[in-house]
Amino acid sequence: MEHLKEDKKTKLSEFPDAFEQARIEKGYGEIDDQNDPVTMLLRLKDVRKTAHNWKTFISGAEPGRIVVPSEVHIRDIRQIPFEVDPPEHKSYRDLVEPWFKRPLEEGYQKVLKTIIDELIDEVLTKDQFEVVGDFSLKLQSRALTTLLNVPYKESETWIDWGVHVFRSEDTDLDGGKANILFDYLDEKIEEASKNPGDDLYSLLLSAVVDGKKMTKEEVKGVMILTFAGGRDTVINAVTNSIAYFAEHPNSLKRIAQEPEITGRAVEELVRYFAPLTHMGRVVTEDTQVCEHAIKNDSRVSLCWASANRDSAVFENPNEVVLDRKVNPHVSFGFSTHNCLGATHARQILKILLTSLAEKVSDIEIKDAKENIEEWGEFNRKVGFKNITVSFN
Amino acid sequence: MAKITFITKDQESIVVEGTAGSVMELAVQNNVKGIDGDCGGVCSCATCHVQVDPASADKLGEASEIEQDMLELDDDANEYSRLCCQLQVTEALDGVVLNVVK
Ligand code: HEM
Ligand code: FES
């Protein structure tokens, strides 16, 4: 173990840019996926323009098709607002947007602070712990009860599902595991429709969108996304931040001394980690991006992770510059479908950094296994399968 | 000291005074509706979009290329659009009138 620590001392919190060469030379990469290939767009400007152009690059295709790897064979249900295009998209967004802005309220932030402080105090009593399962998953699940406004104890169920509830270790597409979530949601939606409360289920069940009452199927389509979209992403962001501070103790001290940079530090860590690598769109006409021809009814993906390292826009893109002042990253997407959970995720990370800076002076990595995604020719580190640390 | 007027989408006029920081921060401190400042002012979220009243437009400098690139892909943007997290509160802004877009 000692030698691993020495060799890896500066490496574990490093997230290399897997796309640099292809981004500079061509601007795109190609991956095969179940005979429905995807052209990954790698430059920031192309990613933004394409995300903005929802008419030629749609999200409202066959359910599951804009996800890579494609989920068309494992689900029929449409995720809302994620797989809906304007103008309907806006009706759904307008409905849920105020709810997802609640993290800006002081009371909400207090609840999150209590959740996070308790968890840090809990792991501080241990000699060592595994971050992904024993910290990040718990934090993500407990914080989600605040976002949905459901009882805290629901988080115990979600934690028991484990890290791989929607994605199994060996096969990326495990229909059986997704069913755990679908069955759970059916049950909760039934409960809320019999006994409406002040949770997100009840809000959606009573909602009227474009003159039509939302169906249970649609409510489920929204709820799936708040579970699935906010799970791995938050877990990776939290875990990777801890790995970063383990290897950069001075950054944690700096946040304690200059709390006013916390917001910028969050944006920079989120830029650097890009917890969601890319997301697809289906093309509705023959077109081109960065002088590359793209065929009607094929797929492109918007590679947020690559765009965030584009040296045409970012100085020292491969460095974490904790107080980066201008930081137009796309980790939370861009334009129409930008992340609905971003306000919640940002608050979690802001409070996490503040509490770590208050309570923890030193983090030591004992052991770690990286999580490397394979996208055609690209191997991208997105986080850790597991990482054991001690807090002091 | 600069006196800045925000006019929200529902035509409410809010006059605030500031000495330092960004215009976005000033708006958020004063609960100006429609300015959320989600990204804390690093030019990544566009939730601080304002349009400068043409009469006071000459009080402001040029937007940076990064800011212009963000605005270029905002459907509600016009020639008077700015992301107000990129505007520093200084004497020069005294009297400026900003229309909140969202
Ligand atoms: C650090 C954490 C997170 C990251 C990096 C992230 C990233 C993203 C990205 C890149 C998109 C754009 C997808 C596209 O353009 O097709 C997106 C959309 C979305 N995210 Fe997140 N996300 C995070 C956390 C969350 C959380 C906590 C939730 C909810 C609980 C959530 C819910 C959503 C939803 C509902 C959408 C779709 C919005 C729409 O289509 O209008 N995300 N997210
Ligand atoms: S506050 Fe995010 S761009 Fe201005």
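Is B:Asn31 buried or exposed? At 65% relative accessibility, B:Asn31 counts as exposed; that label takes over 50% relative accessible area, while buried is under 20% and partly exposed falls in between (1.4 Å probe, protein chains only).

A quick word on ground rules. This is a predicted model, where local features need pLDDT of at least 70, side-chain atom pairs count only at pLDDT 80 or more, and totals for chains, interfaces and linings use all residues. Residues are numbered from 1 along each chain as its sequence is written, chains are lettered from A and ligands numbered from 1 in the order in which they are written, and side-chain values use heavy atoms, with hydrogens and water left out.

Now back to B:Asn31. Its phi is positive, about 50°, although the residue is not a glycine. You'll find B:Asn31 in the loop between helix 1 (23–29) and strand 3 (49–52) of chain B. Helices (H or I, at least four residues) and strands (E, at least two) are DSSP runs, numbered from the N terminus.

Chain A has a positive phi to look at too: A:Cys290, a residue other than glycine, has phi near 40°. A:Cys290 sits in the loop between strand 8 (287–289) and strand 9 (292–294) of chain A, and its 22% relative accessibility makes it partly exposed.

| Cis peptide bond | Omega |
|---|---|
| A:Ile80 to A:Pro81 | about 5° |
| A:Pro86 to A:Pro87 | near 0° |

Where do you look for A:Pro81? A:Pro81 is in the loop between strand 3 (57–58) and helix 4 (88–100) of chain A. A:Pro87 also lies in the loop between strand 3 and helix 4 of chain A.
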